[in-house]
Amino acid sequence: MAAEGDWGQNNYYVRLSQVTSLPKDLLSKHASTTKVFWNCLANWLADNDYEFGRPTASASGTWKYVGLAMSQAFVRSSDRELFHDIFITYGFTASERLTVEELRPYLDEWMNSSKPNTRLKEAWKKKDLRNRLYEVALDEFYDWASAKEYSGSTGNRGRASTKRLTLLAAIVSSFPKRSLSLQLGRAEELSRAIDNLTDAETNSFALGNFSYGAFATLSPNPLGIDAKGFARKLVLRAEEEVYSWSSRLLIPLVKSEGGSYWSEVSRATFGVPHLLLVRNAPKIIRELEDFLSAASTGEAKQVSADQLDGLPAGWLLYTDVWIMRSDVEVGKDLQHIVPLSSDVGITVSEGLQLSRGVWHAKVPPKVHLVAESGPTSFELQQPRIHGDELIRTERNSGRGCTLRLEGLRDGSFFVTGYAGKNKLGEKPILLRSASRPRPLHRQESGQRAYKDLVSAAAKIGPDCRPSVRGHLVEGQGGAVEFEDDNIFVEGDTYVVPAGEGDREEDLVDFADVSDSGFPIITDWEKQSCAERGFHYWKCEFAPRKVSVSTPLQMQCKGCGSVVLMKNRGRRSASSKKVNSLRRLPGAFKTPPWRGEQSFEAISRIDHDLLFDALCFLGNGSFSTFERIVSDVELEPWRLGQTAAAYSALGLLDISYKLGTHRVAAWSVPPPALYMIGDTAAVLSGFRCESLTEELGNVIADGCGILEFASMKEQPTKVTVKGFSFNELVGVVEDVKDPLGRRLKIVKDFALEFSAVARSMGSYRHSLASVSLGSNMRNLQKFDVRKARWRAVEDCETSGAYRFDHIGRTYAFRAGDGAAFTGPQQIVKLLAARSEVTRLHAYEPMTRSFSSTLGAEPMGLLERALVSCSGELPSQEQEGLTTYPNVPSQVASSIMKILYDGENV
């Protein structure tokens, strides 16, 4: 229905007739069925949680039916990829919180360049298509930002591409005061670490997911201890790529949706909490505080190195920064903290986000609307094939309105916002829980099971080898085939076309002196802007016909930052000089959607909510954990401990990255009840409210008891009491989960597992060969007999070692000189075996199995021990981990696996 950029609503049915071979008049007579078709497609995509795409059809122009099809025709998949140049040119990161209003000036600026094709330019010129173009570009940005391995690279053909690094800041709880951890990396999941990066001094670095599942960081940290190298310019080179980062004078960071950390963004956003890292230069601080006094909520707090460990020398941190005005003038060096839009439009905050556009039904989000004038209102509707059902409304006489979604069950909804009678926009909202899990056919590809003792692998077909899922042991003929290794590889690399360079002819030198008052120097390669204390801006020449309020592009000659300058040298009366951080009279108050203090994070996990979210998803990578508990202030290793605890309880099956104890992927096993005594059984694997409710009904009908017990650092323990194994099989035989799987009963998991354990893969499958060199950082050797790490000069003798290399690394050197990296538990066990010493013991009188702290049995061996009581081990005695209620037969079997034969 269109040539290159030539659309016409009146030729739609002619083209449709050519495609379908049906008369044009007959097709136009049934035009209303077009809306039914697009509604059905939108509902199907929503019911599948947008995993097969997102509905983008919307009527444009006066032809409401033809407009639906037209909205899908003017931007093609190849056109969407062209938008990536915008994100790369302006240094967007995966943490940006963009709205249509925020993206609009960038796209308008880009449309005047040579980068878009004719079709996009013609669509942009049409008023009724331009807003749709903004929406498509915003949708493409979030696809680009959420890719497993997004490119974000710039460069020309024949040259190495340059990828921008991003600053990550984490607030770590410590005594006597909290500390700031700063790292450099990229918001992506790498299938394997990139370990061939070198700087100008030939220092070697690796980029990988060493600390966070969704953020790959550099190791060792190039910023150094206490971030002493924070201000210097960093350029790392590989064979085909260059990674770079240069500190700006002021760095805005926003709370990441992917984990418990803050991530650098290119520009501050209206109505979103920020951290600001700023160089402690009097002129910069004075201008910043003037701006915050006039444009923020007035609640910003200045933090110095005396209050927060890890803050770089010569820098200050501002917390709780909420910018609520964009009409305040600032100099060039602070342009990027002025939002490009003062209208928030429709935004969503809080809630537990499970994936893009999907929230947990128990913790739904709030939807907010800010318009230029009131009254404002919301309508919450549920889509139906023949018409939408109105569920809830909210109205406010002012220019802001908030819609709360509490009390709704699982379902697909969309919110429409109005200013008066004018429709301002729509926002889809999907509410989900484990009672409505992702379909099993979509989960199966990510399901995992154990073929060896430590790490689960992905299923790929039938096999007769023994395997374990949750507490279900599958033997001959019942198991599945697995991948040959447990190296996590998921997702394709997201390729972004290389840019064609900047429009150098449109840039002119702005001034010879920086706004910061520092003298100009010309040696741009040796120092960063932060080291020099100023940026050197080259600004786009403004034709006379362009108004002063039109954003123009400027680029720093030193660090390469590209910024749209909204205000150019004219001071507004609203920019009143106030050298304090108190709120000005008449300034915006704290936004109505403001939750808890952004700098004061939650420190405890709601394990029932976390596991319900995991059961809904069914499987995923470790970044899923980080996203679900992103509001909880946790060290990365604690979240890994949580995943290991869930595995020990049989709630998750986990794959570890080869040679490490870092979680790569997980899946929730089918539901099962495993016996822990003659008349008691514990629920493991998948669970949800509907399943436990059905289970409670049949247990009550059989005169038994369904007991819920709150436990420390794990989901609620669900126990069935009052039935023997044979009785329980009959009672629950008809109980199924929402995916149609029957609830299975396991009589004695520890003994069933012991029968196949010695035929499963050994601990050695979790080890990776390594060459141990000299001068390793922080090298220590494990003293097996005293169970302590001691500093050593070299690693020439056999034993267990740990040192700093692409994160904390554990290794074992055998007597023949062969060396392997692996989890610390296995490395310590190998050292104990080599010295004919044991790190584990069993006490028959108390039926307790104990382990040296940090040497606990991993994987299925720990699951077998935990299954004896249904509870995680205790650490009541210093230096020991104790598993209770372990029968002697189980303890003997596990000790043989640990210390005899070839299993390790």
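Biologist: Why does F92 count as buried?

Modeller: In this predicted model, F92 has 5% relative accessibility; buried means under 20% relative accessible area, exposed over 50% and partly exposed in between, with a 1.4 Å probe and protein chains only. F92 therefore counts as buried. The model is predicted, so local features need pLDDT of at least 70, side-chain atom pairs count only at pLDDT 80 or more, and totals for chains, interfaces and linings use all residues. Residues are numbered from 1 along each chain as its sequence is written, and side-chain values use heavy atoms, without hydrogens and water.

Biologist: What makes F141 buried?

Modeller: Its relative accessibility is 0%, so F141 counts as buried.

Biologist: How many aromatic pairs does the structure hold, and why is the pair of F92 and F141 called edge-to-face?

Modeller: There are 16 aromatic pairs. Rings of Phe, Tyr and Trp (its six-membered ring) pair if their centres lie within 6.5 Å; planes under 30 degrees apart count as stacked, over 60 as edge-to-face and the rest as tilted. The centres of F92 and F141 are 5.8 Å apart and the planes stand at 90 degrees, so this pair is edge-to-face. It links distant parts of the chain, 49 residues apart: F92 in the loop between α6 (84-89) and α7 (100-111), F141 in helix α9 (residues 127-145).

Biologist: Which residues do ring pairs link into a cluster?

Modeller: The cluster consists of F87, F92, Y106 and F141.

Biologist: What describes the pair of F749 and F753?

Modeller: F749 and F753 are stacked, at 6.0 Å centre to centre with 10 degrees between the planes. Both residues are buried.

Note on methods. Helices (H or I, at least four residues) and strands (E, at least two) are DSSP runs, numbered from the N terminus.
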